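I would ask you to look at the structure on the screen while I go through it.

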Protein chains: 2
Amino acid sequence: MSTEPNVIYVGNKPPMNYVMAVITGFNMGNTTEVTLKARGRAISTAVDVAEIVRNRFFKDTKVHAISIGTEQITPREGGNPRNVSTMEITLKKE
Amino acid sequence: MSTEPNVIYVGNKPPMNYVMAVITGFNMGNTTEVTLKARGRAISTAVDVAEIVRNRFFKDTKVHAISIGTEQITPREGGNPRNVSTMEITLKKE
């Protein structure tokens, strides 16, 4: 689990797992913002998560910000570092 | 090929195919903007394309706008329509 508040790292699990995490984040009380972070193939899943939250669960949620970037990853088994795309989506509840 | 000017539909081909299309779009002359559109799994590829263009080819290119959405797709073979996530990334050359 993340130590940053309200940041959800999206990986290779089914989207609904992360949707539940977003719902929990919003219901925890004081927050109106949740940020989804994803890399590589999981970027599509992060978009799915944001859309499912907006369309099915919290219809008052807006996409507050989206940014993309690149990170260098050094493979654990050694070898040349390779670039991987990253994405952050911040959802805000009105 | 698309009929809209400066719109590139990103699908399942390798990212470099679409990078070439973006470069061609920018080099065609009058335009400073190119929009990438993608659905479903191709969303990650669209982000890769934008990042490759920005980091390797046109370093004066900025991400001008990113938006996400949902489309309903009815399968060609019939059956229930299903939702698919969409993404648009507009790149602007300064």
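Predicted model: local features only at pLDDT ≥ 70, side-chain atom pairs only at ≥ 80, totals over all residues.

In helix 1 of chain B, four residues are buried: B:Tyr18, B:Val22, B:Gly25 and B:Phe26. They lie on the same side of this helix, because the arc that they cover around the axis is only 95°.

The face turned away from the buried side carries B:Met16, B:Thr24 and B:Asn27, which are exposed. As for its length, helix 1 of chain B runs over residues 15-27 and has 13 residues. From first C-alpha to last, the helix reaches 19 Å, close to the 18 Å expected at 1.5 Å a residue.

I turn now to the contact between the chains. On the side of chain B, 15 residues are in contact with 15 residues of chain A. Helix 2, strand 3 (61-73) and strand 4 of chain B each supply at least two residues of the side that touches chain A. Which of these elements gives the most? Helix 2 of chain B does, with seven residues. Sorted by class, this side of chain B has seven nonpolar, five polar and three charged residues.

Helix 2 of chain B also meets its counterpart by number, helix 2 of chain A, which spans residues 42-57. The axes of these two helices come within 7 Å and cross at roughly 115°, and the crossing is right-handed. Where they meet, helix 2 of chain A contributes A:Ile43, A:Ser44 and A:Val47, and helix 2 of chain B contributes B:Ile43, B:Ser44 and B:Val47. By class, this contact has four nonpolar residues, two polar residues and no charged ones.

Finally, a few words on chain A as a whole. Its secondary structure comes to two helices and four strands, and along the sequence the pattern reads β-α-β-α-β-β. Along the principal axes, the C-alpha atoms of chain A fill a box of roughly 45 × 25 × 25 Å. Of the 94 residues in chain A, 31% are buried. Among contacts in chain A between residues at least 6 apart in sequence, 67% join residues at least 24 apart.

Thank you for your attention.

Definitions and conventions: Residues numbered from 1 in each chain as written. Chains lettered and ligands numbered in written order. Expected span 1.5 Å × (residues − 1). Buried ≥ 20, exposed ≤ 12 C-beta atoms within 10 Å, placed from the backbone. Arc of directions from axis to C-beta. Contact = placed C-beta atoms within 7 Å. Nonpolar A, V, L, I, M, F, W, Y, C, P; charged D, E, K, R; others polar. Axes fitted to C-alpha atoms, helices over the stretch in contact; angles between N-to-C directions. Left-handed = near helix turned anticlockwise from the far one by under 90°.
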